[in-house]
Amino acid sequence: MSLKKLFFSFFLLPYLILGQEIPINGVQESKHEFIALTNAEIIISPDKKIKSGYLLIKGDKIYKVGKKTKFPKGTKVIDCKKAIIMPSFIDTYSDLGLLEKRKTNRNRIENTAYYWNEAIHPEIDASLFYFRDNKNIEKYQKMGYGTISTHIADGIVRGTGTLINLSDKNTRHQIEKNKTASYYSLKKGSSKQKYPSSQMGSIALLKQAYFDYYHFIDSKKENNISFNHWKRNYDLPQFFKVDNVLELLRAYKFEKLSNAKFIYVGGGDEYNAIDKLKKLKPNLVIPLNYPKGYEISDPYIAKKIPLKKLKQWELAPSNASILKNYDVSFSFTAHGIDKAKSFWKNIRKTIQRGLSEEQMLKALTIEPARQLNLSSLMGSLSSGKYANLCIYKENPLIPEDRKHEVS
């Protein structure tokens with residue numbers, strides 16, 4: 001399925017603060033060929049802004065951006081009253097609409113077979129299992145997200161994810177692209193087979209799977225459903241989920257064997273091996289879901305908290321600025337955050353720890369679009385790209401001392 005229209009949605013803060021519903025979510029039916037959003041501060045990209053400008057939209061794409069112009073006859077003009085317009089955020093790692101889904105039972109087909117271990121299932125296509133999860137969609141919308149790449153987070157070779165347009169209320173039309181990326185991990189998942197039973201076993205199994213795959217490629221007689229799909233999706237972006245930086249360094253060793261350049265979805269502790277990452281220059285997705293504080297009023301209980309966990313609680317919000325200082329590329333994921341309020345709080349905390357507002361916006365828009373190979377379609381508000389944007393009363397990336405709260 002080809003990419004269809006993305007959305008522009010209005011997150012008007014006065015309504016949110018009063019606890020009312022979002023007034024507009026998605027492109028509304030209109031007889032007008034052009035729609036102009038005027039009198040707004042337009043953040044085209046992290047390094048390009050326009051004061052009191054306009055955004056002209058034709059159909060589902062941005063037609064023109066600027067300060068002054070004559071609009072085509074019949075244009076519907078919407079006065080945004082000095083609001084802030086910025087690109088909607090993009091998340092490359094999610095299980096939205098697929099949280100309770102697991103891979104289906106494999107049925108042998110004549111003259112074909114699946115891979116012998118159920119933790120290796122590159123044939124899984126998330127778009128076939130997706131269902132609309134209204135509660136979590138609304139949560140992502142309040143965070144400012146417009147596009148999500150979601151997948152079934154189960155197993156070692158997990159299959160492909162699907163691109164979701166959060167504004168479309170029709171479940172079938174929400175799927176913008178069937179296959180956006182391939183996903184991997186070092187966790188066995190829901191497989192009922194005993195092997196692997198450890199991370200060492202997972203590493204050995206993935207290594208063996210690659211050897212078997214290359215044997216299959218060289219073979220002219222064998223047919224395998226799993227390998228057929230793996231081969232077909234090999235050129236997609238490949239995301240490798242790891243729990244910590246030590247797992248990342250282990251997973252990195254598969255790059256030579258797989259002939260792939262993985263994008264690592266980290267655990268937020270990359271600062272622990274920053275000297276090694278500086279040399280390796282991996283492409284990262286890091287979490288905005290930070291550890292919650294510990295109750296330390298009781299000194300007896302406080303003594304039992306591991307120093308490693310205390311260090312992670314203290315340094316996790318500084319992880320992004322440390323990576324930036326060492327010139328390591330990354331995007332952010334909101335995966336694991338249960339409330340929009342926590343998301344915005346963590347964003348401002350990250351900025352207070354040294355990441356600039358421009359760098360933050362880049363990691364929420366430009367970088368994830370690049371990682372998904374969709375930079376020509378989204379990530380900024382440039383002419384020709386989809387009208388994937390949000391409108392705010394004031395800049396949501398500003399620090400807390402400038403009084404802005406999204407609930």
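How many helices and strands does the secondary structure of the chain come to? And how do helix 12 and helix 13 pack?

Reply: Happy to. Please keep in mind that this is a predicted model. The secondary structure of the chain comes to 14 helices and 17 strands. Of the 407 residues in the chain, 54% are buried. Among the contacts with a separation of 6 or more, 71% join residues 24 or more positions apart.

Now to the pair you asked about. Two packed helices are described by the angle between their axes and the distance between the axes. Helix 12 covers residues 340-352, and its axis lies 9 Å from that of helix 13, at an angle of about 130 degrees. The two are therefore oblique to each other, since an angle of 65 to 115 degrees would be needed for roughly perpendicular and one over 145 for roughly antiparallel. The crossing of helix 12 and helix 13 is right-handed. On the helix 12 side, the contact is made by F343, I347, T350 and I351, while helix 13 brings E357, M360 and L364. Sorted by class, these residues of the contact are five nonpolar, one polar and one charged.

Helix 13 itself spans residues 357-364, and M360, L361, A363 and L364 are buried in it. Viewed down the axis of helix 13, the buried residues fall within an arc of 160 degrees, so they line one face of the helix. As background, an α-helix has 3.6 residues a turn, so residues three or four places apart point the same way.

For a second example, look at helix 4 (residues 199-218) and helix 5 (residues 225-232), which pack at an angle of about 85 degrees with their axes 10 Å apart. Helix 4 and helix 5 are therefore roughly perpendicular to each other, as their angle falls in the range of 65 to 115 degrees. Helix 4 makes the contact through A209, Y210, D212, Y213, F216 and I217, and helix 5 through F227, N228, W230 and K231. By class, that contact has seven nonpolar, one polar and two charged residues.

One last stop is M378, in the loop between helix 14 (366-371) and strand 17 (389-392). M378 has a relative accessible area of 2%, which is under 20%, so M378 counts as buried. The C-alpha atom of M378 is 9.0 Å from that of S88, although the two are 290 residues apart along the chain.

Note on methods: Residues are numbered from 1 along each chain as its sequence is written. This is a predicted model: local features need pLDDT of at least 70, side-chain atom pairs count only at pLDDT 80 or more; totals for chains, interfaces and linings use all residues. Side-chain values use heavy atoms; hydrogens and water are left out. Helices (H or I, at least four residues) and strands (E, at least two) are DSSP runs, numbered from the N terminus. Buried means under 20% relative accessible area, exposed over 50%, partly exposed in between (1.4 Å probe, protein chains only). Axes are lines fitted to C-alpha atoms, for helices over the stretch in contact, and angles run from 0 to 180 degrees between N-to-C directions. Angles under 35 degrees count as roughly parallel, over 145 as roughly antiparallel, 65 to 115 as roughly perpendicular and the rest as oblique. Contact means heavy atoms within 4.5 Å. Ala, Val, Leu, Ile, Met, Phe, Trp, Tyr, Cys and Pro count as nonpolar, Asp, Glu, Lys and Arg as charged, and the others, Gly among them, as polar. The arc is that of the directions from the helix axis to the C-beta atoms. A crossing is left-handed if the near helix is turned anticlockwise from the far one by less than a right angle, and right-handed if clockwise.
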